[in-house]
Structures are given as structure tokens and as C-alpha cells.
Amino acid sequence: MKTEVYLVRHGETLFNRLGKVQGWCDTPLTIRGIDDLKKTALALAQIHFDNMYSSDLKRAIDTVHLIKNANVVSQIGKIKKLPEFREVFFGSFEGDSIDETWRAVSKAAGIPETEDVKAIIDAVGIYKFREATKKADPRHLAENVEELDLRMQRAVKVLREETRNEGRVLVVSHGDFIKTLGIKYWDQSDGLHDIPFPENGSVTRGILDEDGNFKIVDYNCSADDL
């Protein structure tokens, strides 16, 4: 059976507020983040889900429990954590200033220094952007395009295995990971250039078919749009 997948970005965190690279680092949800998530949870409260999943990072786990507790039409048991849906890994840049990180990445990409990540991606494409991020990382630990693409494929495969008998599920993940999925699987993306970064608490909806093919049909929807 086909499975409808609601991909939710976690709520705002401390590092989001401070403008720091988060990646695999974990910081708590802010009060604003929790308040925004309550709006998302309310918008989803009357939608039946056969199951809910999350990344294994705490900000995603806290988010999925908030949504689960607000839903009045679903019987959800223990939340299964899927590490494949973790945020993009930024290596040595984790915890650094986002602006300083993008300046280093733009320099490694061979374009004029800029803090505008969209400008970098649109100038060189998402593939060269990932390679430049790994190159700029002093320890070269950041995920490059091959590593991240393999993880995205694995995430879709794992989700297909988990949800074969489930018609609609919710998965809480992360901004850059959801955006990269969007670049690859959203029909309004050209597969190379940047697309809008998903807002905290936003919902991206996809369809996972019987053969494991995934496509995104709605991207970065706010609670007001649901």
C-alpha cells in the first residue's frame, strides 16, 4: 500500500535562536519553539496517523511527543527513532556561527565570500556546495553529497520497511535534511538549485509507493496552511 508521509521540522531551538550551526549537536527547544509547535500540533490534532516516528536527536523526539499528545484521533504507541532522518552533519563547523561557516564554504567553493547560503547553492549547485562544505571543514568530517545522498536513500528504504502496512505516518526531522530531500524528491525543484528552507514546525507531505519510490507533493506548509 502507498503511505502518506508528513515530514515535520522540529521547533525552534537555542542554537537556531543564536544563529549557530546545529547539525548533530542538540540544544533544547525554546519557549517560542514550543509555542509554534503547539500551533502545528493543533492543526494536526484531527488527522489520523497510523504511526509516528522521529530522528534520534532530542529536539525531534521532544517535538514528536508534543504532536502525539495533542492528537485526539490516533492511537500511537512507543515512538520509534530513525537515525537516518538525523540532520545533515557539518563536522568541525558544529556549534560555530552560521554566517562564518557560510563565508568559509563560499571561499572553498571558489566564489566571492558571502553569508548567503542560497547564493552559494545557486551559484555552484547543491552537489558542489556539499563538496565545498567538506573541503572547508578543517577536519573534512562534514557530510559530502555522496554520503548524504546515500543516507537519504537509506532513510527512504528504512521508512518503506517500517510503514508497509501503514497508510499515513508522521516523521519529525530537521531543516537541512528536509530541504535536501525536497531538492531531490519535490517536483517543483530542479534537483540542483536551492529551495526555501523549511520553517520550524512546518509540514512537508510526501507519498511513498509500494516499490519504495518517494515523491514530495507539498513542501514547507505552515500550521495556517494545513
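This is a predicted model: local features need pLDDT of at least 70, side-chain atom pairs count only at pLDDT 80 or more; totals for chains, interfaces and linings use all residues.
Student: Are helix 2 and helix 3 parallel, perpendicular or oblique to each other?
Tutor: The axes of helix 2 (residues 31-44) and helix 3 (residues 58-70) come within 9 Å and cross at roughly 40°. Angles under 35 degrees count as roughly parallel, and 65 to 115 as roughly perpendicular. The two helices, helix 2 and helix 3, are therefore oblique.

Student: Is the crossing of helix 2 and helix 3 left-handed or right-handed, and which residues make the contact?
Tutor: The crossing of helix 2 and helix 3 is right-handed. Helix 2 contributes Ile34, Leu37, Lys38, Ala41 and Leu44 to the contact, and the partners on helix 3 are Thr63, Leu66, Ile67 and Ala70.

Student: How do the residues of the contact of helix 2 with helix 3 divide by class?
Tutor: Lys counts as charged, whereas Ala, Leu and Ile count as nonpolar. For the contact of helix 2 with helix 3, the division is seven nonpolar, one polar and one charged.

Student: What is the orientation of helix 4 and helix 5 to each other?
Tutor: The axes of helix 4 and helix 5 come within 8 Å, with a crossing angle of roughly 90°. Angles of 65 to 115 degrees count as roughly perpendicular. Helix 4 and helix 5 are therefore roughly perpendicular.

Student: Which residues form the contact of helix 4 with helix 5, and what are their classes?
Tutor: On helix 4 the contact is made by Trp102, Ala104, Val105, Ser106 and Ala108. On helix 5 the residues are Val117, Ile120, Phe129, Ala132, Thr133, Lys135 and Ala136. By class, the contact of helix 4 with helix 5 holds nine nonpolar, two polar and one charged residues.

Student: How many charged residues are in the contact of helix 5 with helix 6?
Tutor: The axes of helix 5 and helix 6 come within 8 Å and cross at roughly 115°. Tyr127, Arg130, Glu131 and Lys134 of helix 5 meet Val145, Glu146, Glu147 and Leu148 of helix 6. In this contact there are three nonpolar residues and no polar ones, and the charged residues number five.

Student: Which element supplies the largest share of the lining of the largest pocket?
Tutor: The largest pocket holds about 800 Å³ of space. Among its 40 lining residues, Arg9, Phe197, Pro198, Glu199 and Asn200 are the closest to the centre. Elements that each supply at least two lining residues include helix 1 (14-18), helix 7 (175-185) and strand 6 (214-221). The largest share, six residues, comes from helix 5.

Student: What is the class composition of the lining of the largest pocket?
Tutor: The lining of the largest pocket includes ten polar residues. The other classes in this lining are 15 nonpolar and 15 charged.

Note on methods. Residues are numbered from 1 along each chain as its sequence is written. Side-chain values use heavy atoms; hydrogens and water are left out. Axes are lines fitted to C-alpha atoms, for helices over the stretch in contact, and angles run from 0 to 180 degrees between N-to-C directions. Helices (H or I, at least four residues) and strands (E, at least two) are DSSP runs, numbered from the N terminus. Angles under 35 degrees count as roughly parallel, over 145 as roughly antiparallel, 65 to 115 as roughly perpendicular and the rest as oblique. A crossing is left-handed if the near helix is turned anticlockwise from the far one by less than a right angle, and right-handed if clockwise. Contact means heavy atoms within 4.5 Å. On a 1 Å grid over the protein atoms alone, a cavity is a set of points where a 1.4 Å probe fits but cannot get out, and a pocket is an open set with protein on both sides within 12 Å along at least five of seven lines; lining residues have an atom within 4 Å of a point. Grid points are joined across faces, edges and corners, and a volume is the space filled by probe spheres set on the points.
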